[in-house]
Every structure is written in structure tokens, then in C-alpha cells.
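Dear colleague,

Please find the structure below. My notes on its aromatic rings follow.

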Amino acid sequence: MALYALALLCCSSLAAAVPAAAAPAPEQPTAAVGAAAVTFSDDFNGAAGSAVDGGKWQIETGDNVNNHERQYYTAGNNNAALDGQGNLVITARKDNPGNYQCWYGRCEYTSARLNTSGKFTSTYGRVEARMKVPRGQGMWPAFWMLGNDIGSVGWPNSGEIDIMENVGFEPSTVHGTLHGPGYSGSGGIGAGYTLPNGQAFADAFHTFAIDWSPNRISWSVDGNVYQTRTPADLGGRSWVFNKPFFIILNLAVGGYWPGDPNSSTPFPSQLVVDYVRVSTNDGGSGTGGTITGLGGKCVDVAGANPANGTPVQLYDCNGSAAQQWTVAADGSLRALGKCLDVKDNSVADGAQLQLWDCSGGANQRWAVPDARDIVNIQANKCVDATGNSSANGTRLQIWTCTGAANQKWTVNRG
């Protein structure tokens, strides 16, 4: 959808104004995810009527002429508040006590929009929310993400990942869409998911999620994967989704895609959010386990030496402490009391991996998505067995993610 300006976020956009490209064939449900390292979580626990946690969310204000939406997004807890039962309730009302002015004159509706810009971003992992959407013509709830570089590169170059959108005239269907340079607005790449037997999404809570790894994003509803997108779907256009994104929740009223409310639309109308959570897909703090790769060999600290700078390599699995790795909640991978580290803080292909004192640095932060890559967040590159070799002593390095077998790893929990 067209560029969107608000007081707290200089430039952003809502998703496709019309349904996107046809869906690929439905996939099988995702396998249950094991212990996960949760990197962001809000369960919206708090007193009824209280505002959201300002340490996690900022509230945007303003209207949207580009999408021709009808609402004005208000500050504070006027239209976004906790219900005292563990939910965030975003309420759209047909009122305007603040005499707000919109692109069409005096605003007819108020609502709310929240984002994590400046407070939390993520690169890869599982991003999910459990929500109950409103019903009614003209309602447009959305759970989505924008590239954190939007302030410098603009939209759509920043990229946009729409995890869930629903328009009121399609009560049984939600949409997931990608927007980027050359495939934005009505040209977004995406698909819809429809509940069976005429069920409406407004009748119950549902869990909407993406599982996101280098060059791959899958969308699911209640664990049922309904589309997967990779750079191959873009027809040679740029894939702009291997970088940090922030989260947005909002309830729009009217606009080009949903159309305006009518006399049948109930007000007030509510988007109820049970939780929002971001986690690594195979991670989780806990006891150590092996990480196996090419040839069934283990990720190993050479000579079981805990000294700073000790090489990390492939070696026959032997059950030693040098091969027991813990995926910590801070994104680090730890063995022998130290962290997996990219030498010299490098982001270059071929930069070697070593053991080093845990510093919290970006060269020691790793994403472990369900595609079995292990990705250095800073470099956006994958752990790689040098020379595609499984020989004992093969040094591990970072390299541009290719999906090859020498970049695939199984993280085993202890």
C-alpha cells in the first residue's frame, strides 16, 4: 500500500491494498518447535485500562491519506489498553472527542497503532501472535513488520512482511504478503488462508505466525503452513528480508482495500491480542547438546582448549565437553564457559570461528531458524564448513548463506 506518514514513525506503509498473488499449494503443518529462546514477549498482563508497556511499544498517532483510511490513531490508552485478563484490546470507535482532523475533514473514527521501532527488532526466528479479530464491513486488523532501515531507504525498499491481515468483507480469510522494491502495494507477493466450513476468524482466537530464515519465510495459521516464499518467487527482483525488522499491530477503519464501514458495521469494534512473541526456532537456554553437521560430524572446540582464540572445527562426535553447546537466551552459543565468536569481529566471507570470552558483541549473536542454518546476526552469514569438507579438523567459518549441505546443522538439546 502507498507510503504512510505518522507522527512517531516518519515513513511506513500498510500492506497490499488488494489480495496478492495466488497461493502455492498448501503445505503440511509445521513440526512442533522444541525449546525456544524467546527474544521478545508481551503477554499483556496488567490492570484493566492500563496502557501497554512503553519499554516494548510506542504508540503512533495520525491519519492515513495514502490508504484513504477513515480513522485517527490516538495516543495513550484511549484506544489501546489492557483488559485485566491478559489481553491487549485495540478498539475502533465511531467517535472523535478530541476533534481530530483527517484527510477528509473532521475524523469520524478513532483507533490505535503500536510498533516496536527503537525498542525491539529481529532478524529471523518465529514471530507469532494469538489474536481474535473484529468483524464487520470496513474493519482492517493487521499484524506486520517493517525493515528497520525504513528511515534511510524508504518504503518499499525497506521491505514489509505482513504476517496477518483481514478485511471485513472476507470474514473467513486472512492474508500474508511480502512487499519490496518492484512488488509493493497491489503487486505484493502473498496468499490467503481460509477457515473451513464457513467459520469466521472473529469467532475465536487464532495464532498467526511466520517462520523466518535466510531467504525463506513461511506463514501459518494455528500451525498450518499455507505458503512459503523465497527469492525464487520474486522474478529476479531484490529480496530485502535478511535484516532487522520491527513489529506493528493496528486496527484500521476503511480504506481502498476493505472499503468504508456501513450501517451493518458494529462499533465499538475490537482487535483482542493475547500475546506477541518472537523466538529462535530451535534455540533455548538449557543444558548443552551437540551440534552436528556435514558427514554427521560435531561442532568441536579444538583440543577441548578453553583459551581465547581456540579454533572451532568439525570432528568425530565423542561426547566430550568440547562438543556440548548451549543456545543461550541472549543469542550466544556457548561451550566450555565461552562463546562462539567470529574472529576479529569480521563480516567477510571466510571469517573464521573461534572460542572467546562472552562479550555480548554482535559477532557472538546467532539465529538458529527452523531451516537448520546458524546465522551470525551481524554479518547475516551462515556457519559454514570450509571447503565443503567433513574431514576431522575442518575449520568452521561464516559464509554467504547458500542452503548447501555444509551450512546445515542440527542443534541437539541436552
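A charge is said to sit over a ring if NZ of Lys or CZ of Arg is within 6 Å of the ring centre and within 35 degrees of the ring normal. The charged end of arginine 70 is placed in this way over the ring of tyrosine 104, at 3.9 Å from its centre. Likewise, the charged end of arginine 277 sits over tyrosine 275, 4.0 Å from the ring centre.

The model is predicted: local features need pLDDT of at least 70, side-chain atom pairs count only at pLDDT 80 or more, and totals for chains, interfaces and linings use all residues. Residues are numbered from 1 along each chain as its sequence is written, and side-chain values use heavy atoms, with hydrogens and water left out.

Rings of Phe, Tyr and Trp (its six-membered ring) pair if their centres lie within 6.5 Å; planes under 30 degrees apart count as stacked, over 60 as edge-to-face and the rest as tilted. The count by this rule is 13 aromatic pairs. One of them is the tilted pair of phenylalanine 40 and phenylalanine 120, with 4.7 Å from centre to centre and 35° between the planes. Phenylalanine 40 belongs to strand β3 (residues 38-42) and phenylalanine 120 to the loop between β11 (113-115) and β12 (125-132), so the pair ties together parts 80 residues apart in sequence. Strands here are DSSP runs of E with at least two residues, numbered from the N terminus. Both phenylalanine 40 and phenylalanine 120 are buried (under 20% relative accessible area, 1.4 Å probe, protein chains only).

Finally, one aromatic cluster is formed by Tyr124, Trp212, Trp239, Phe241 and Phe245.

With kind regards

Key
Helix = DSSP H or I, 4+ residues; strand = E, 2+ residues; numbered from the N terminus. Buried < 20%, exposed > 50% of the residue type's maximum accessible area, 1.4 Å probe, protein only.
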